Amino acid sequence: MKQNTIYKYQLLDHRNGVLIFCAIILAIIIFIPAQITYSEALSKSYESTRIAGIDMASAVFLFICGLVSFKECFLFALQNGISRKSLFKTRLYVTVTLAVTLTLFSLFLLTLGAFIEASSTGISYSSLLSMIYPATGILQSSGPFEYLNNFLFLTVLLTAAQALGYLITVALYRMNRKQKITYIVGFYILFFVILPVIDMFISGQISTILLKFLDLSMGISAQNPFIGMFSLTIFAIIVTGSTWLLIRNAEVKN
Amino acid sequence: MQINFEDERPIFVQIADGIEDAILTGAFEESGQIPSITELSVSYKINPATALKGISILVDDGIIFKKRGVGMFVAPGAVSRLRGKRKELFFDHYIKKLIEEAKKLGITHEEILGMVERGYTE
Amino acid sequence: MNGIQINDVTKTFGDTLALNQVSLTFEPHKIHGLLGRNGAGKSTLLNIITNRLFADNGTVTIDGLSGTENDHAQGMIYLMSEKNLYPESMTCNEAFKWTKQFFKDFDLDYALNLARQFKLDPKKKIQSLSTGYNSIFKIITALSVNTPYVLFDEPVLGLDANHREMFYRLLIEKYSNNPFTAIISTHLIEEIANLLEYVIIIKNGEILVNESCEALLSKGYSVTGTINQVDTFVKDKEVIGEDVLGGLKTATVIGSINKSTLPDGIEIANLDLQKLFIKLTNEE
């Protein structure tokens, strides 16, 4: 019963955020085509417009959700006799619940996009999946399989994004002020100063390797979304495992 | 009824003594209800176990009795029983000391009796 | 009901030894006073019992169950801590409702009734309350939660005399209607001395005193008289403290007293928990 309650508490914590997010995305999807159609009708000049990869916004949004959901819940859980183990377990359920919810929202947008495409001239809608894997043979560009593939891919992606945000916030909670500053500043210096500079001197080898790695792990050249899903799953598992190692010993700080 | 935490008597004894005094002065009447353990503990800010201990002395002495689910009552005949008990104590606590002190001061038997007479008339 | 057992618990924060091999038992259905000066380790101990901190060493059991990472065991305990662990935007009402979901015996009506008595507006956000009302909110929750173990860490912090009085009254009422195990950590000893059945005094992370209040206070007495009288009387007795006021001297003595040897002019009194505490925990 207590586990249900802390699950519910964490989920409710995101309810308003999710509702507002969905409302904004929906407004954009409806407003932009409407605006384009209206102005085109006035000017009588037709251009093609592409709305693509709006699912990425969900990934960013859920990353942020993960990023803000640890400290208060952790303290509240301990106040109410909930163990770290139960908090962590229910957090996983929350993560999957939110990922599936926003995935279903994306599928709804896909339907809406198809409807907009059909009822307007020159406006096309494409999902994140079909943007990354446009030429795939495995992927059917329409029909139930398109929905199924989108569902699997997005669920995994959104889970991974949240898990990453959660890991970062847990790690920051575990650090004292000095460590926090060191890590944050160190991260920026490493990725935005040192690596780019070295990269410059060795004629872009680092970025080449990184891009190659990204390409391989996401199966972009191979145009196989299942390689991407697999890699994202592995990534989410590693991130979640690391989070557990950090939560396991977390204490209330003074 | 007053509780003095610096008194050398333990608190539960003070509780018992205090209730006895109240019965003797008629503040608590025979067969009448007395405050519950909770009320006693609350008003003197003492642990209920302490209050219970004080009450138990009186229950054992037959001064008060408990009615399950109703409360605690002063036993009929409690006043006379208390008077008897207190009279014995009166001799020990007051008369013995009085005579001891009188001997120290060289007050004679007659003088004491005279003083007692005077005490009653004043 | 086995109470709460602390076995050989040690806790360090960096170089600071907060608790040093502490072992003790909190008896079921009794009111315990956990006394100690600031930084003695009271809060650390309470936080370890409630799984908010981990002991470096040693174990805590609640009714025989391990208290570490155990939802079931922790469901029997409520700690009102000095530090506020409720979310920033939560109102008192919301907190009551959530508490009801976490602790099934939480009495919502009673809580709201207490809120009225204390004039706490339950629609207010917890974080916006003054120190005193923050304590009141936590007191109300702790008194309404009805877990077998309720731990109070500095419950009367910032409370005025009237509200403190109300708290003590409610605590006794609650306790005598339905006895539970209470641990009260406080430095306002005088006010609760007579409520306590057990006294635990903790000093520099170690248990100095752990016994029933009655036994503790009957271990000694204090004598007051002229300096000469008192000095003569306490010769060859164990004196743990002395106060001189003008020509009058009070000595706190450990040991039992033989009243027949009491010289004239000397008054004896019971030990006073607060004074005893100060004597025992003084650094010199």
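## Exercises on domains, contacts and cores

In chain C of this predicted model, the centres of domain 1 and domain 2, taken over C-alpha atoms, are separated by 35 Å. Because the model is predicted, local features need pLDDT of at least 70 and side-chain atom pairs count only at pLDDT 80 or more, while totals for chains, interfaces and linings use all residues. Residues are numbered from 1 along each chain as its sequence is written, and chains are lettered from A and ligands numbered from 1 in the order in which they are written.

**Exercise 1.** Describe the side of domain 1 of chain C that touches domain 2 of chain C.

Start with the bounds, which come from an automatic or database domain assignment: domain 1 of chain C covers 4–213 and domain 2 covers 218–281. The contact between them takes 12 residues from domain 1 and 5 residues from domain 2, where two residues are in contact if their C-beta atoms, placed from the backbone, lie within 7 Å. On the domain 1 side, the elements that give two or more residues are α7 (189–192), β9 (198–203) and β10 (206–212) of chain C; helices (H or I, at least four residues) and strands (E, at least two) are DSSP runs, numbered from the N terminus. The most comes from β9(C), with 3 residues. By class, this side has 8 nonpolar, 1 polar and 3 charged residues, with Ala, Val, Leu, Ile, Met, Phe, Trp, Tyr, Cys and Pro counted as nonpolar, Asp, Glu, Lys and Arg as charged, and the others, Gly among them, as polar.

**Exercise 2.** Work out which chains touch, and what chain C contributes to its contact with chain A.

Of the 2 pairs of chains in contact, chains A and C share the most contacts, whereas chains A and B do not touch, their nearest C-alpha atoms being 28 Å apart. The contact of chains A and C takes 19 residues from chain C and 18 residues from chain A. On the chain C side, α2 (71–74) and α3 (92–102) each supply at least two residues, and the largest share, 4 residues, comes from α3(C).

**Exercise 3.** Characterise the largest nonpolar core.

A nonpolar core is a set of buried Ala, Val, Leu, Ile, Met, Phe, Trp, Tyr and Cys residues joined through C-beta atoms within 7 Å; a residue is buried if 20 or more other C-beta atoms lie within 10 Å of its own, exposed if 12 or fewer, and partly exposed in between, with C-beta atoms placed from the backbone. The largest core has 138 residues, and those with the most contacts inside it include A:Leu62 and C:Tyr78. Helix α6 (residues 144–174) of chain A gives the most to this core, with 12 residues.
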